[in-house]
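Welcome to this short briefing. Have a look at the sequence and the model below, and then we will walk through them topic by topic.

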Amino acid sequence: MGKGQHHMPTKEELVQHYNRVNTVLQCRATQSRFLQSRNLNCVALCEVITSKDLQKHGNIWVCLISDHVCTRFFFVYEDGQVGNANINT
């Protein structure tokens, strides 16, 4: 660590760097990368432990013990980008 030359920035260089970083962060704060729509569809893909507490009611599975359910993937679609929201999955 003690070998070579080290550049110590001047006060002006530090101010310029801070202003440049602050400007970039402000620009990013106003731009959203995704989920800009008010029409969102969400699907959670979960892993469930098979146990006597797992119940089926028609097409719906119910597990009252939250420790037996683990969300593996959470998909979010906006503006009907995938299929039909009324499909029975």
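## A first look

One helix and four strands make up the elements of this protein. Keep in mind as you read that the model is predicted. Starting at the N terminus, the order of the elements is α-β-β-β-β.

**The chain as a whole**

- The protein has 89 residues, and 4% of them are buried.
- Take the contacts between residues at least 6 apart in sequence: 60% of them join residues that are at least 24 apart.

- Which residues make the nonpolar surface patch? Val43, Leu45, Phe73 and Phe75 make it, and the patch covers about 360 Å².
- Two elements give two or more residues to this patch: strand S1, which spans 40–48, and strand S4, which spans 69–78.
- Phenylalanine 75 has its place in strand S4.

**Aromatic rings side by side**

- The structure contains two aromatic pairs.
- Phenylalanine 73 and phenylalanine 75 form a stacked pair, at 6.0 Å centre to centre and with 20 degrees between the planes.
- Why does the pair of phenylalanine 75 and tyrosine 77 count as stacked? Their planes are at 10 degrees, and stacking calls for planes under 30 degrees apart, so the pair is stacked, with ring centres 6.5 Å apart.
- Through these ring pairs, Phe73, Phe75 and Tyr77 are linked into a cluster.

- How many salt bridges does a search of the whole structure find? The search finds one.
- The salt bridge joins the side chains of glutamate 47 and arginine 72, with 2.6 Å from N to O.
- Because glutamate 47 sits in strand S1 and arginine 72 in strand S4, the pair ties together parts that are 25 residues apart in sequence.
- Glutamate 47 is partly exposed, and its relative accessible area is 43%.

**Cysteines and disulfides**

- A disulfide is a covalent bond that joins the sulfur atoms of two cysteines.
- Searching the whole structure turns up zero disulfides.
- Is cysteine 63 buried or exposed? Cysteine 63 is buried, because its relative accessible area is 18% and buried means under 20%.
- Cysteine 42 is partly exposed, with a relative accessible area of 46%.

**The loop between S3 and S4**

- Histidine 68 is found in the loop between S3 and S4.
- With a relative accessible area of 19%, histidine 68 falls under the 20% cut-off and so is buried.
- What does histidine 68 touch, leaving aside residues up to four places away in sequence? Its contacts are Glu47, Val48, Ile49, Ser51, Asp53 and Cys63.
- Isoleucine 65 counts as partly exposed, at 30% relative accessibility.
- From C-alpha to C-alpha, isoleucine 65 and leucine 54 are 8.5 Å apart in space, while in sequence they are 11 residues apart.

**The loop between H1 and S1**

- Where is arginine 38? Arginine 38 has its place in the loop between helix H1 (11–30) and S1.
- Arginine 38 has 88% relative accessibility, and exposed means over 50%, so arginine 38 counts as exposed.
- Arginine 38 and glutamate 78 are 40 residues apart in sequence, and their C-alpha atoms are 7.8 Å apart in space.

Terms used
Residues numbered from 1 in each chain as written. Predicted model: local features only at pLDDT ≥ 70, side-chain atom pairs only at ≥ 80, totals over all residues. Heavy atoms only, no water. Patch = residues over 30% accessible without salt bridge, like charges linked within 9 Å, V, L, I, M, F, W, Y side chains within 5 Å. Areas by Shrake-Rupley, 256 points an atom, 1.4 Å probe, with all protein chains shown as cover. Salt bridge = Lys/Arg side-chain N within 4 Å of Asp/Glu carboxyl O. Phe/Tyr/Trp six-rings, centres within 6.5 Å; stacked < 30°, edge-to-face > 60°. Buried < 20%, exposed > 50% of the residue type's maximum accessible area, 1.4 Å probe, protein only. Contact = heavy atoms within 4.5 Å. Disulfide = S-S within 2.5 Å.
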